[in-house]
2 protein chains.
Amino acid sequence: MKDMIKKLKEIGLKVTPQRLAILEIIKGDRTHPSAEKIYDRISRKYPGLSFATVYSTLSKLVGVGEIQELDIDPNKKRFDPYTSVHWHFYCKTCKKVYDVDYDSSLTPGIKKIGGHQIDSIQLNFKGVCKHCTHK
Amino acid sequence: MKDMIKKLKEIGLKVTPQRLAILEIIKGDRTHPSAEKIYDRISRKYPGLSFATVYSTLSKLVGVGEIQELDIDPNKKRFDPYTSVHWHFYCKTCKKVYDVDYDSSLTPGIKKIGGHQIDSIQLNFKGVCKHCTHK
DNA sequence: TTGGATGCAAAAGATTTGCACTCCC
DNA sequence: GGGAGTGCAAATCTTTTGCATCCAA
């Protein structure tokens, strides 16, 4: 909790109960939740929380690099609080997003490509996950 | 035109004027258009074309691997008729998607990762493109 | 002829916005 | 006190769906 307060202050955002709850929920969540999933989980504890607040907070956290927005689920945005380098696998059947480590000699620091300035890189694998395959 | 008819028959889809128009428009289009852009371009020639037809045809073409659906634009699906191996750069400013070649020793044939079966791979770079940077 | 394809409009799902009220700093 | 933050509902945007009609094979 102390951590979250400190983090928000560092970022320059006002500390509110809603934001603390959002940070607390997503940090440590390795399921790559959508905005709706995050809203669901929090509104159990904080009835009255609104979507607008969730979206606005998530968007601010993405803006400062505190969490990452994933473009891997074709139907919605997914969020990842884990910011160190890793990649993702999306299961077309169960819609789960898995972290994958893949050492591809990829990107160790490329900042430009084709003359374009790179801010972020996503390597997305898609298919059917091992759990769905075995059913 | 002959090509398109042949292609549709190979795929096993009925040959209709709408589908021919869609194929004709997207093949050779290197702008990674969204469904709406495709609809716009075609409906100039074919008034009365419906969104439902565009979406349904695109989805069938994706299904047979004739075109690729890109998860890179956070706001909508983009389509790519160019099926050989290459990657993409998305400009956060102008929203254009550029093709990029990046030989990363990446993927030359990995079929599984973390035990999951891989169908497709996308490597997405994001940032500000050279044209937007220079403005 | 007949099942797949189309057009239209309505519906669904995700995200954003406007605005009045609230409360953190 | 003032401005950022919040809640609510309506609006927007993209994509899907239901259904009657149509047409390619």
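This is a predicted model: local features need pLDDT of at least 70, side-chain atom pairs count only at pLDDT 80 or more; totals for chains, interfaces and linings use all residues.
Local features here need pLDDT of at least 70, side-chain atom pairs count only at pLDDT 80 or more, and totals for chains, interfaces and linings use all residues. Residues are numbered from 1 along each chain as its sequence is written, chains are lettered from A in the order in which they are written, and side-chain values use heavy atoms, without hydrogens and water.

User: Why is the pair between Arg19(A) and a phosphate oxygen of DNA strand D called a polar contact?
Analyst: A polar contact is a pair of N or O atoms within 3.5 Å. An N or O atom in the side chain of Arg19(A) is 2.7 Å from that phosphate oxygen, so the pair qualifies.

User: What part of DNA strand D does Lys14(A) contact?
Analyst: The side chain of Lys14(A) has an N or O atom 3.2 Å from a base nitrogen.

User: Which element gives the largest share of the surface near DNA strand D?
Analyst: Helix 4 of chain A, with three residues.

User: What is the mean pLDDT of chain A?
Analyst: pLDDT is the predictor's confidence in each residue, from 0 to 100. Chain A has a mean of 92, and 96% of its residues reach 70 or more.

Methods:
A polar contact is a pair of N or O atoms within 3.5 Å; within protein, one must be able to donate a hydrogen and the other to accept it, and residues adjacent in sequence count only if both atoms are side-chain atoms. Helices (H or I, at least four residues) and strands (E, at least two) are DSSP runs, numbered from the N terminus.
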